[in-house]
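Please walk me through this structure. I am new to it and would like the main points in order.

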Amino acid sequence: MFVLFAFIAVVGYYSWTRLAIDAYPDIADTTVQIVTQVPGLAAEEIEQQITIPIERAVNGLPGLNVMRSKNTFGLSTVVLVFDDGIDDYWARQRVQERLVDVELPYGAVPGLNPLTSPTGEIFRYVIESDNLDLREITDLHKWVIIPRLKQVTGVADVSNYGGITTQYQIELNPRKMEEYDISLSDVTEKVEMNNVNAGGSMLSRGDLSYVIRGIGLVKDLKDLGRIVIKTDNGVPVYLDDIGKLKYGSLERKGVLGFYDGKRNFSDGVEGIVQMLRGQNPSQVLEGVHAAIDELNNEVLPKGTHIHPFMDRTNLVDMTLHTVSHTLFMGMILVIVVLILFLGSWRGALLVAVTIPLSLLIAFILMHVTDIPANLLSLGAIDFGILVDGSIVMMETILKKRERHPDEVLEEDSILRRTTEVARPIFFSILIIITAYLPLFAFEHIEKKLFTPMAYTVGYALIGALCVALFLIPGLAYMAYRKPRKVYHNRWLEKLQMLYHAQVVRVIDCPKAVLGVLAGILVLAGVLSYTVGKDFLPPLDEGAIWIQVQLPPGISIERSKEMGAELRNKLGQFPEVSYVMTQVGRDDEGAEAFSLSHIECGVGLKPYDSWTTGRNKAKLIEAMNDTLMTMPGYSVGFSQPIIDMVMDQIAGAHSDLALKIYGEDITETRHIADKVVNVIKQIPGATDVAVDQEPPLPQLQIIADRDRIAQYGLNVSDVADLIELAIGGKAISQIFVGSKSYDVICRFSEEMRNTPERIGNLMLTSGTGAKIPLSQVAEIKLTTGASTISREMNKRHLTIRVNLRGIDLTSFLQKANRMIDDQVKYNHEDFHLKWAGQFENQHRAYNRLGVVVPLALGIMLLLLFAALGKFRQAALLMCIIPLALFGGMLALNVRGMTLNVSSAVGFIALIGVAIQNGVIMISHINNLRERGRDLRDAVVTGVRHRFRPILMTATVAVLGLLPASLSTGIGSDVQRPLATVIVYGLLFATVVTLYILPTLYYMMEKKEDKKDENEKI
């Protein structure tokens, strides 16, 4: 058996090296995002002509849970969230099949975002250079750095943010075009016709064959300028005769700023590495680090360097440090307690062997079933609970040695004793595993958070059971077989004598016990009512993510200046390591943000280096107070990962969202503004704002169909002038080596920079007449929607809310009451719905309300199988509310809330509390079977089981005590769970030692009298 477990240990270590390790599990749903870019198109047209046709095409997809879309200037994003269990590739294939049949105007082609998740951003960096300008850095990033990083296995995409995307630009002069009688269509047609290569098959000459190539591609601006647009009396009119050719840039949609004390970029280039969903982040990051080192040392020109500033490895290391520290401290405390109680370092070490072996067995099963290792799955393991079975087994053999110190232990007697306790050990551990069954019924985010934990704890308990039943008896027999002097724990013996006297008194006063029970149950009900209720505690990522809204419609230069002011203010906090600002959106258009929006990432120094005395919550308050003094900034605080997760879950960058559905955008915003003013009055409600940006200023060119018909024109002629001459359009491409650049054509800026000059632009009729645009269209300044959000084919606005210092349930009660009283609106045309954490909490608690009773029923059946009597099984189930009292008291005293994490702690507490009861009742039953009367069996049985119960409870409490007190990164989810188990188990132990024997005695005494009466 020893050889078998040694082999298992080797396989377990190998499995550990192959496990995927991350700070937190991937809590995102299966999601497909459809992105369609139509440059120059306003939000209203994007919604009407792009988004709605796509939504209609994908309606009714199998497994579709929710469909959201955002429409903004030039961009449509449709997000499809599928049910749990839907495969990512299957979902993407179904979406692609539907999109094939979608016909969109303007040549728009919808595409799918890379297969990643909100937790997939694993690496961010900026590029610094001493000798390259911004355009050259952008080119280097796009054509050298990004392709190299995309070669790393497991990288889904690498995005560029900021910089200048180079274009070859043709700025036409309308007056020159009139002079030479050239139209826009003439220019686009000739450029396309004069930028081609051709293949002419093969030419055979003698023994050789030659590939025939016709080379006519434009290579540079000179070639482009020499394209002949028309010939006038034998004189060619070249492209550079009617316009100016230059290197330009794509109209900038965003700006990247960065500050870390050493670097201060007001306009830089950032790279964002996104991991393919389902990959091992440790392995992917290892490949990314190798690629970065290669680029910095071998590829990039001298003076140019990639500087990482956000690396998921740091978060993983910090959370694993927190977990390993709490686990190590728990292990040390468990071993110390074992030595104190057993009085033998040899016995303590033998029991402690259970810890590494059970973990190694868990690693094997995790590797086989593809369960990743993370903060939650590892941090929830209580070493004290793992060794409980081994403690009982070891204590049984040790007690035999203590009673017969001078005799050689016989195998038969040891086998008989171990067999006697094997049954209650087996069922008690099985009951603990059963207690975790409700976690497998969770859905969505809570399932992804806690199901890996349930698997890991279950696997570790299976390993502990195997060690307790098959390894510990043999090791203990080898250690204690020969006669030896036995250490007697005097203080424990005195404590046992004191306990014996107390139990005798308690058994003689059963009515007092019933009174105490009634009081405890009443207090438990009161505490359950007064405790705050949330969905989840915050998952500390060691960083801050701020959503900043600027005044609508501001220019890129002004938003760039405001971004710099933001970095300067936040960079003054001594706890901050870097500040990164993303103004607007990247060129790929993955986010539907305008230039009036900033996403700000704030890196934090290690908490143990902070000298200000603030914690993270206080730092956020101080930052918020500072930013509130700056005019024009509306901010919302979150964290990088959870911000993206909440955006996917609720469609808003906040913990909580209130969605107002209605087709009338103006009236919907009017209602939203009223609701915002109401919610701001509630203490604890912070960062309250309408998520969608306010209306933007627009220059509308409204075609007059009658005038257009009068001049023999078409509306398409007006549209072409707006799209090509004013907006600019890619009409061809130029290839330079492996690089490719768009050729953009538009009128020169001085001819289109005011409404009056736009109105003076000429259209050419079929007869050749020149008609000013203002003659066939109305040109006016007005406002229009900046962003139009939709969900399940309905328009809506979202109010984002973050909560600080108030629990979710209390806030919702106040908010709903105040909104009903103070906000009046047409309930037929508009309706309100809470989303985000509220939806998750409601779903999770409803699930638990159904599944926990089923699990309790299974536990009752297991107790019946273990004890053989239904009344005794029911008695043990009755101590559950008493055990929960300790956990509820701890939550109220420590100011914590009842959330999914603490609920999981209660679930685990149920199993652990019953375990000691099974051990005690089983032994009392054995004594009665040997002929002892009821009272003697109860008094003797509880005395025999006092040491193992006290020992198992103490090690279980101390095993999670460090986690309940931990404050490091990654401790937020552990702490409520551990608090409930630690303090609940303390009270449950008192119940098991004092109340359970009394109730057992009362019940069995009544049953014995009933049996006697029946015999008479």
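The report below covers the whole chain, its salt bridges, a pocket and a surface patch.

## Basis

This is a predicted model, in which local features need pLDDT of at least 70, side-chain atom pairs count only at pLDDT 80 or more, and totals for chains, interfaces and linings use all residues. Residues are numbered from 1 along each chain as its sequence is written, and side-chain values use heavy atoms, with hydrogens and water left out.

## The whole chain

The protein chain holds 33 helices and 32 strands. Helices (H or I, at least four residues) and strands (E, at least two) are DSSP runs, numbered from the N terminus. Along its principal axes, the C-alpha trace spans about 130 × 85 × 55 Å.

Of the 1016 residues, 56% are buried. Buried means under 20% relative accessible area, exposed means over 50%, and partly exposed lies in between (1.4 Å probe, protein chains only). Lys150 sits in helix α4 (residues 134-150). Lys150 is partly exposed, at 42% relative accessibility. From Lys150 to Val678 the C-alpha distance is 48 Å, and 528 residues separate the two in sequence.

## Salt bridges

Side chains of opposite charge can pair when their charged atoms come close. A salt bridge here is a side-chain nitrogen of Lys or Arg within 4 Å of a carboxyl oxygen of Asp or Glu. The whole structure has 23 of these salt bridges. One of them joins Glu55 and Arg790, at 3.0 Å from N to O. Glu55 lies in helix α2 (residues 43-58) and Arg790 in strand β29, so this pair ties together parts 735 residues apart in sequence. Glu55 is buried at 1% relative accessibility, and Arg790 is buried at 6%.

Arg800 and Asp691 also form a salt bridge (3.4 Å, N to O). Arg800 is in strand β30 and Asp691 in the loop between β22 and β23 (696-703), 109 residues apart. Both Arg800 and Asp691 are buried. Shared partners join the salt bridges of Glu47, Glu55, Arg790 and Arg795 into one network.

Asp687 belongs to strand β22 (residues 685-690). Its phi is near 55°, a positive value in a residue other than glycine. Asp687 is buried, at 9% relative accessibility. Asp687 also forms a salt bridge with Arg804, with the closest N and O atoms 2.9 Å apart. Arg804 lies in the loop between β30 and α26 (808-822), 117 residues from Asp687.

Asn793 is not a glycine either, yet has a positive phi of about 70°. Asn793 sits in the loop between β29 (787-791) and β30.

## The second largest pocket

The second largest pocket holds about 1,500 Å³ of space. Its lining has 42 residues, and the closest to its centre are Pro537, Pro538, Ala617, Leu803 and Asp972. On a 1 Å grid over the protein atoms alone, a pocket is an open set of points where a 1.4 Å probe fits, with protein on both sides within 12 Å along at least five of seven lines; lining residues have an atom within 4 Å of a point. The volume is the space filled by probe spheres set on the points, which are joined across faces, edges and corners.

Helix α20 gives the most to this lining, with five residues.

## A nonpolar surface patch

Phe328, Met329, Ile332, Val336, Leu340, Trp491, Leu495 and Leu498 form a nonpolar patch on the surface, with about 690 Å² of accessible area together. The elements that give two or more residues are α9 (312-342) and α17 (490-507). Such a patch takes residues with over 30% relative accessible area and no salt bridge, with nonpolar side chains (Val, Leu, Ile, Met, Phe, Trp, Tyr) joined within 5 Å. Areas come from the Shrake-Rupley method with a 1.4 Å probe, and for residues only the protein chains shown count as cover.

Notes: Patch = residues over 30% accessible without salt bridge, like charges linked within 9 Å, V, L, I, M, F, W, Y side chains within 5 Å.
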